[in-house]
Amino acid sequence: MGLKSFLSKPFAAYIAAKQKKWSADPVKYQQKAFDNLIKVGSKTVFGKDHDFANIKSHDDFKKRVPIRDYEGLKPYFDRVVNGEPDILWKGKPKYFAKTSGTTSGTKYIPITKDSIPNHINSARNALLNYIHETGNSSFVEGNLIFLSGSPEMYRTNGILTGRLSGIVNHHVPNYLRTNQLPSYKTNCIEDWEEKLDAIVSETKERDMTLISGIPPWVQMYFDQLKEETGKKAGELFPNFSLFVYGGVNFEPYRAKLFESIGRHVDSIETYPASEGFIAYQDRQGDKGLLLLVDSGIFFEFIPADEVFDENPTRLSIGEVELDKNYALIINNNAGLWGYNIGDTVKFVSKFPHRLVVTGRIKHFISAFGEHVIGEEVEKALASAVEKFPETEIVEFTVAPQVNPDEGLPLHEWYIEFDKEPLNLQDFETEIDNKLRELNVYYDDLISGNILRKLKVRPLKKNAFIEMMRQRGKLGGQNKVPRLSNDRSLADELQNFLENND
């Protein structure tokens, strides 16, 4: 056992003990977070505009602070970006995490001195919790790779600005920097394919023990390794023992990723966002991610069917119920107040409170009133793959077809297979039956001959890669939407149908 591995274990035990304490009493620790946020926030422009001085409870807060998204808070964000201090949080942010928004264009999410520990310590604690649970600490001695965006930053009115993954890269602890890959120079390459070639060149002969990234981009890394070396990742890296991922539902990628590894490795799912690190997997055998209630964020939850209401129900952690979809709202020490991050979640356990991400509020299909959500399409596809275990899926998305050339309207599933099911029609039927079981409105539309059975449109190899390249979204932290209520993405993918010349 190396020195790093040896020293990590008592630290892991300390972090696990703290985690056990706050996860057993989430209401207490959320109240502490709330009280601190209101105290500091009362001295800001936002706090004065919303009468924070007279907020004594969550009920008081709900009366004064409405739910907003980035567009709703943009007048305040604009003032922060222009360099004004004490607008949403005390002083000025230390960083802006730059992201692209669907309605707001470029978004500048503030990260403050107070909120940095949420991003950095949460990622660290996910690994330490794993070490404490499993006893496996050997991975800290080998080479660790974090597939991420460029760490290069520029200044916006004096404030460092860049991708969240690049900002986090600057805070990797010194004791891990000596074995972190890829090199800084390689990580700064903007073109994803050029960067991937350089990453493979740097890592293919190294002792990789931990690999982290968004699953589709990790899959591209594994594919490139196999093409260059003829070996699967698990054979090429015999000490590779831990895969860390986040950003998308892992299940559609699981079979192909582990086939590319060639053997079992442990994995940790995380739930990071530019707005805050929200949860991580704390038990290898348990479903769900542990909500981080002691990390500078006060969470609120809106029943998903009320999210567009003028005065939706807003629940705190002590009021949530199991197996109900909620829109996730955050208030944090970066100055986000009543902020709707656009995700829906569902709690699968309480005390400790563990959740799963069920979809995006804006990613749904309801062209005919069916309101199909991401969780439902992913469950339906997973059911079909289970019935057809030979199937391996690279990527997929779903869209409505309101005006087909013939027949009734339908949902079209654009799927890039690595290995197609033996019987595609039976595969379609299995997806359709499961979706009807999961969504009564969809079932009614099929039964009532308003919609016909869904259709799978197999895509050529690398269809999604090419589409993302054309969009300028290849690699890094970019993700393909699981489903859309319009045809913009589907129409692009029509060019990549398997049976097209």
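**Notebook: asparagines, cores, rings and spaces**

I began with asparagine 462, which counts as partly exposed because its relative accessibility is 36%. The scale I use, with a 1.4 Å probe and protein chains only, calls a residue buried under 20% relative accessible area, exposed over 50% and partly exposed in between. For the record, this is a predicted model, where local features need pLDDT of at least 70 and side-chain atom pairs count only at pLDDT 80 or more, while totals for chains, interfaces and linings use all residues. Residues are numbered from 1 along each chain as its sequence is written, and side-chain values use heavy atoms, with hydrogens and water left out.

**Backbone entries**

I looked up asparagine 462 for its phi, which is near 70 degrees, a positive value in a residue other than glycine. Asparagine 462 sits in the loop between β20 and α17; helices (H or I, at least four residues) and strands (E, at least two) are DSSP runs, numbered from the N terminus.

I then noted asparagine 449, not a glycine either, with a positive phi of about 60 degrees. Asparagine 449 belongs to the loop between α16 (440–447) and β20 (455–458), and with a relative accessible area of 53% it is exposed. My reminder for both entries: most residues other than glycine have a negative phi, and most peptide bonds are trans.

Two cis peptide bonds went into the notebook next. I found one joining leucine 181 and proline 182, with omega about -5 degrees; proline 182 is in the loop between β6 (180–181) and α9 (184–187). The other runs from phenylalanine 351 to proline 352, with omega near 10 degrees, and proline 352 has its place in the loop between β14 and β15 (354–360).

**Core entries**

For cores I took sets of buried Ala, Val, Leu, Ile, Met, Phe, Trp, Tyr and Cys residues joined through side-chain atoms within 4.5 Å. The largest nonpolar core has 75 residues, and Tyr271, Ile278, Leu291, Phe301, Trp337 and Tyr339 have the most contacts inside it. Helix α6 (residues 116–134) gives the most to this core, with seven residues. I also logged a second, separate core of 44 residues, which includes Leu147, Leu181, Trp192 and Tyr245.

**Ring entries**

My search of the whole structure gave 24 aromatic pairs. Rings of Phe, Tyr and Trp (its six-membered ring) pair if their centres lie within 6.5 Å; planes under 30 degrees apart count as stacked, over 60 as edge-to-face and the rest as tilted.

Phenylalanine 46 and tryptophan 337 are a stacked pair, 6.0 Å centre to centre with 10 degrees between the planes. They link distant parts of the chain, 291 residues apart: phenylalanine 46 is in helix α3 (residues 45–49) and tryptophan 337 in the loop between β13 (325–332) and β14 (339–349). Phenylalanine 46 counts as buried at 0% relative accessibility, and tryptophan 337 counts as buried at 0% too.

I also checked phenylalanine 222 and phenylalanine 240: their ring centres are 6.4 Å apart and their planes at 55 degrees, so the pair is tilted. Phenylalanine 222 is in helix α11 (residues 215–229), and phenylalanine 240 is in the loop between α12 (233–236) and β8 (242–246).

Which residues do ring pairs link into a cluster? I noted Phe34, Phe46, Phe52, Phe61, Tyr76, Trp89, Phe298 and Trp337.

**Pocket and cavity entries**

My grid is 1 Å, over the protein atoms alone: a cavity is a set of points where a 1.4 Å probe fits but cannot get out, a pocket is an open set with protein on both sides within 12 Å along at least five of seven lines, and lining residues have an atom within 4 Å of a point. Grid points are joined across faces, edges and corners, and a volume is the space filled by probe spheres set on the points.

I was glad to meet Asn462 again in the second largest pocket, where Gln219, Met220, Asp223, Asn462 and Ile465 lie nearest the centre among 31 lining residues. This pocket has a volume of about 740 Å³, and α11 gives the most to its lining, with nine residues.

The largest cavity holds about 70 Å³ of space. Its lining has 13 residues, with Val80, Leu88, Trp89, Gly91 and Pro93 nearest its centre.
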